[in-house]
Amino acid sequence: MASTSPHFEGMDMTDTGNTFTMTKAEVRQLLDDAHNGGFAYPAINISNLDTAIAAMEGLEQANSAGFVQVSIGGAKQASPTGDPVEGSIIIGRMMRDLRKSHHVPIMLHTDHCHADYVDTWLKPLLVELKKLKDAGEEKIFDSFMFDGSHDEIHDNAATIRELLPMVEAVDGVLEVEAGGKWGGMEDGVADKAVYSTPEDVAVIQQVFKDLGLDEDDYLLAVAFGNAHGTAVIPDLKPELLSEIAEKTGVRNMYVFHGGSGSSDEDVRAAVKDGVVKMNVDTDTQYEFTNGIDAFFVAADGKQRSHRVGKKYFDPRKWNAAGRKAMTAKVAQVAELLGSAGHARKVTYRSVLEPVVAPAGE
Ligand SMILES: O=P(O)(O)OC[C@H]1O[C@](O)(COP(=O)(O)O)[C@@H](O)[C@@H]1O
Ligand SMILES: [Zn+2]
């Protein structure tokens with residue numbers, strides 16, 4: 001039944017009955033906005049309260065929608081026992097609460113789950129999230145990434161086939177990767193650039209088609225010479241994205257992994273060639289820590305004095321400096337990606353309202 005979105009002003013769409021948080025249909029709408037508008041969303045990795053606030057504040061300041069995401073490393077860090085499932089839920093609930101203080105659409109995402117972690121992270125997490133959903137708890141994550149790019153393409157496809165119903169069951173969107181055959185520089189596996197092929201992408205597209213989904217229902221990372229971390233990117237070929245779209249006959253919702261360290265020119269070219277989401281971790285980590293570093297340089301050693309150094313050694317003070325520097329970087333990424341100024345106005349359920357629906361809602 002067509003009705004107005006509970007969260008986006010003036011948006012006509014199918015009402016999924018989910019009055020809590022962003023629906024899958026709304027995520028799809030945001031991706032469509034980016035593709036049609038020729039821009040991409042920042043996807044910022046976070047690992048704690050301060051980095052989460054910095055990511056969300058940066059998006060808000062830029063008036064940009066975006067993704068805030070947690071990797072397995074971030075999730076383990078957030079768990080007192082180092083369990084990534086527990087950590088994802090802890091940090092996911094925190095992110096869900098934090099975004100309610102903002103007015104831009106913020107999608108909550110779990111980042112890179114390699115095939116090796118599917119059984120210990122993504123699958124058990126999806127099982128737990130379904131239990132929480134069935135108990136009436138407000139949705140936590142909007143999307144999930146499975147990275148099967150290290151596997152042979154049909155093994156990659158088989159895992160996607162297994163995961164999709166589990167992701168659908170929690171109203172989520174799946175991000176997948178049709179990488180160079182064995183991963184490569186993009187995932188820190190090899191030291192040379194790798195490139196996805198239209199044939200590999202077609203295998204992945206078929207999995208979704210078979211399940212009645214189209215290319216706007218999922219996110220697709222491909223290897224086009226990109227690299228995670230601090231690696232320099234000498235052989236980026238953004239034009240490969242357009243080429244694959246043309247050869248496979250569909251536009252694809254492309255994701256740029258390892259956005260850090262890319263030149264502005266390369267990023268703009270990738271967006272022009274169809275990227276709608278760009279992951280950034282290393283560059284925002286760098287800004288956060290450098291903000292803190294500058295704070296301590298200015299403190300000039302006073303933080304070591306128990307008697308006079310309180311306004312320097314108080315963790316709130318130096319974390320605030322890191323947060324401020326990272327916020328500015330996130331806003332800058334949104335400007336570069338062109339998403340700044342394009343956010344739909346969003347209304348989240350208040351953080352003061354219960355996260356478990358009263359019976360009958
Ligand atoms: O393992 P970490 O440090 O949490 O970060 C990993 C993440 O970095 C991102 O690729 C972003 O890449 P950059 O760090 O190169 O910006 C994520 O997609 C990736 O999974
Ligand atoms: Zn990747």
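Asn36 sits in helix 1. The model is predicted: local features need pLDDT of at least 70, side-chain atom pairs count only at pLDDT 80 or more, and totals for chains, interfaces and linings use all residues. Residues are numbered from 1 along each chain as its sequence is written, while chains are lettered from A and ligands numbered from 1 in the order in which they are written. Helices (H or I, at least four residues) and strands (E, at least two) are DSSP runs, numbered from the N terminus.

### Exercise 1

Decide whether Asn36 is buried or exposed.

Solution. Start with the cut-offs. A residue is buried if 20 or more other C-beta atoms lie within 10 Å of its own, exposed if 12 or fewer, and partly exposed in between; C-beta atoms are placed from the backbone. Now count. Asn36 has 10 C-beta neighbours inside 10 Å, so Asn36 is exposed. Next, take a distance. Asn36 and Val276 are 240 residues apart along the chain, and 9.8 Å separates their C-alpha atoms.

### Exercise 2

Describe helix 1: its span, its buried residues and what they pack against.

Solution. Take the span first. Helix 1 covers residues 24-37, 14 residues in total. From first C-alpha to last, helix 1 reaches 20 Å, close to the 20 Å expected at 1.5 Å a residue. The expected span is 1.5 Å times one less than the number of residues.

Then list the buried residues. In helix 1 they are Glu26, Val27, Leu30, Leu31 and Ala34. Seen down the axis of helix 1, they fall within an arc of 145 degrees, so they line one face. The arc is that of the directions from the helix axis to the C-beta atoms. An α-helix has 3.6 residues a turn, so residues three or four places apart point the same way.

Find the partners. The buried residues of helix 1 pack against strand 3 (41-45), strand 5 (106-114), strand 6 (143-147), strand 7 (173-178) and strand 10 (275-280).

Finish at the end of the helix. Gly38 follows helix 1, and its phi is positive, near 70 degrees.

### Exercise 3

Place each residue. Asp147 lies in strand 6, and Glu177 lies in strand 7. Check burial. Asp147 has 26 C-beta neighbours inside 10 Å and is buried. Glu177 has 28 other C-beta atoms within 10 Å and is buried.

List contacts (C-beta atoms, placed from the backbone, within 7 Å). Leaving aside neighbours within four places in sequence, Glu177 is in contact with Asp147, Gly148, Ser149 and Ala221.

### Exercise 4

Work out which residues of helix 7 are buried and which exposed residues lie on the face turned away.

Solution. Begin with the buried set. In helix 7 (residues 198-210), Asp200, Val201, Ile204, Gln205, Val207 and Phe208 are buried. Their arc, seen down the axis of helix 7, is within 145 degrees, so they line one face. Turn to the other side. The face away from the buried side of helix 7 carries the exposed residues Glu199, Gln206 and Asp210. The buried residues of helix 7 are covered by elements including helix 6 (153-168) and helix 8 (239-248).

Terms used:
Contact = placed C-beta atoms within 7 Å.
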